[in-house]
Amino acid sequence: MSSSNHSINWADAMRPQIGTESTAIDFAREPMPGETLHAMLAHLKEQNGPVQEVRFQGMPTWLVNDSKILRAAFKNEQDFPPADIYRFALEPLIGRNFQTMEGAEHHIHRQLATPSFKPSMLKHFDLDYLRDLGNELIDRFADRKEVDLAAEFTHLFPFIVISRLLGLPRDKEDQFQRWALGILDYMGDRGKAIQCRNELEAYLKPIVSERRIAPAEDIISALTSVNVDGESLSDDEILATLHLMFSAGASTTHDAMGNLIYGLLSNDLWSQLGDGKTLISDAIEETLRWETPVAILPRMVSKSTAVDIAGVSVPAGSIVLFALCGTNRDPSLFPDPEKFRPGGHDYSKTLTFGYGYRTCPGMHLARLQLNAMLQVLRDRMPDITLLDIEG
């Protein structure tokens with residue numbers, strides 16, 4: 001589960017609204033390996049059904065693990081207002097952004113903040129450009145027989161892509177990654193996260209001001225000049241959007257990259273990549289299903305009234321956990337769901353990027369990066385194998 005976007009003490013903030021602690025498993029305090037999580041979700045659903053009480057940071061919380069129910073919940077913003085959870089999780093740390101807004105305000109600010117990530121706007125960051133970035137990273141370790149691809153490739157690539165989309169100095173790219181990862185570790189080190197946020201904002205503020213005066217061909221310039229129905233973004237709103245891109249966007253992509261490489265290598269599929277575009281595309285979609293980058297997505301029930309979810313009454317103001325990884329391994333939708341089988345499933349049934357109007361706007365860029373990354377590694381490292389670090 002991704003716990004990177006929690007920016008306050010959930011238990012202290014929410015317990016007065018929803019009462020005493022539950023005795024069930026705590027999804028925030030009991031991290032577990034991927035396969036353990038998948039097995040546990042399957043067991044809980046089999047034993048107790050698709051909706052059940054668990055805990056999150058010691059608080060009573062409801063786990064929702066059913067594709068049909070979640071699709072309806074994603075579209076039901078009256079009972080599951082998505083902005084509420086982001087106000088607790090994001091706004092205190094990075095400021096107001098389109099995810100913390102509702103209604104017409106959200107509609108306008110989403111249009112203001114996200115047009116640069118539509119496929120038509122990524123023409124300067126096509127596969128050739130992204131492959132060049134990948135080759136740039138591989139050149140740093142190409143002469144070595146062993147390499148930690150997570151540390152030296154997958155954890156770096158998405159941050160460099162975001163940095164260059166924003167038009168930021170290349171000699172600061174490592175620092176941008178450190179700032180972003182520091183912000184993501186709010187739950188582990190609150191002081192460091194706040195310091196990283198402050199340092200990143202101090203660096204970005206003059207750049208935003210410069211782009212307003214002299215725009216370039218980059219996303220910061222686009223954010224300073226975009227206008228929708230007479231509305232534009234303030235400097236603070238631009239900074240909040242940039243924080244969101246560095247943290248949520250880059251971090252989930254590097255998780256997906258690691259999962260993709262591991263899935264192919266651990267299933268002896270690397271040598272089959274060849275020049276096959278179909279296998280690459282299928283492997284990407286299978287990875288997004290098999291090991292969902294954001295495994296569990298928190299939401300909140302409306303504060304005004306209790307909500308019935310599949311016959312379970314969930315109190316007003318409660319946290320609910322959308323088990324995206326559980327629904328993506330539902331055997332009724334995906335035969336042999338625990339197996340990594342590129343092209344073996346109907347990927348239109350996955351909920352990896354959410355569902356409905358608030359579907360993740362960065363999914364096009366994420367897929368593009370995964371495609372470029374895989375092509376470069378295939379070409380430059382055709383004989384790559386996993387190192388048994390426990391052997």
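Me: Where is Arg378 placed?
Reply: Arg378 sits in helix 16, residues 363–380. Bear in mind that this is a predicted model.

Me: Why is Arg378 called buried?
Reply: Its relative accessible area is 13%. Buried means under 20%. Arg378 therefore counts as buried.

Me: What makes the pair Arg378 and Asp379 a polar contact?
Reply: Their side chains are joined at 2.9 Å. The cut-off is within 3.5 Å, and residues adjacent in sequence count only if both atoms are side-chain atoms. This contact joins side chains, so Arg378 and Asp379 qualify.

Me: How do you know whether Ser163 is buried or exposed?
Reply: Its relative accessible area is 0%. Ser163 belongs to helix 9, residues 157–166. Beyond four places in sequence, Ser163 touches Leu168, Glu173, Phe176 and Phe246.

Me: Why is helix 4 described as largely enclosed?
Reply: Count its residues. Helix 4 covers residues 82–89, and seven of the eight are buried, so the rest of the structure largely encloses it. Among the buried ones are Asp84, Tyr86 and Phe88.

Me: And what makes strand 2 largely enclosed?
Reply: Six of the six residues in strand 2, residues 59–64, are buried, so the rest of the structure largely encloses this strand. Both directions are covered: Met59, Thr61 and Leu63 point one way, Pro60, Trp62 and Val64 the other, and all are buried. In a regular strand, side chains alternate between the two faces of the sheet.

Me: How do you know that strand 1 and strand 2 pair?
Reply: Pairing takes at least two bridges. Strand 1, residues 51–56, has six bridges to strand 2, and the two run antiparallel. Strand 1 and strand 2 therefore pair. Val54 stands opposite Thr61.

Me: How many bridges link strand 2 to strand 6?
Reply: Four, in the parallel sense. Strand 6 spans residues 319–323, and its Leu321 stands opposite Leu63.

Me: What makes strand 1 and strand 3 the edge strands?
Reply: The open sheet has four strands in the order 1-2-6-3, with mixed pairing. Strand 1 and strand 3 (296–300) each pair on one side only. The twist averages 35° from one strand to the next.

Me: Which helices touch this sheet?
Reply: Helix 3 and helix 4 are among them. Helix 3, residues 67–75, lies across strand 1, strand 2, strand 3 and strand 6, at about 125° to strand 6. Helix 4 packs on the sheet by touching strand 3 and strand 6, and its direction makes about 105° with that of strand 3.

Me: Which residues have the most contacts inside the largest nonpolar core?
Reply: Phe27 and Phe322, in a core of 110 residues. Helix 13 (residues 235–266) gives the largest share of this core, 13 residues. Beyond four places in sequence, Phe322 touches residues including Val64, Leu70, Phe74 and Ile296.

Me: How much of the protein is buried?
Reply: Buried residues make up 52% of its 391 residues. The protein exposes about 17,500 Å², and carbon and sulfur atoms supply 49% of that.

Terms used
Residues are numbered from 1 along each chain as its sequence is written. This is a predicted model: local features need pLDDT of at least 70, side-chain atom pairs count only at pLDDT 80 or more; totals for chains, interfaces and linings use all residues. Side-chain values use heavy atoms; hydrogens and water are left out. Buried means under 20% relative accessible area, exposed over 50%, partly exposed in between (1.4 Å probe, protein chains only). Accessible areas come from the Shrake-Rupley method with a 1.4 Å probe; for residues, only the protein chains shown count as cover. A nonpolar core is a set of buried Ala, Val, Leu, Ile, Met, Phe, Trp, Tyr and Cys residues joined through side-chain atoms within 4.5 Å. Contact means heavy atoms within 4.5 Å. A polar contact is a pair of N or O atoms within 3.5 Å; within protein, one must be able to donate a hydrogen and the other to accept it, and residues adjacent in sequence count only if both atoms are side-chain atoms. Axes are lines fitted to C-alpha atoms, for helices over the stretch in contact, and angles run from 0 to 180 degrees between N-to-C directions.
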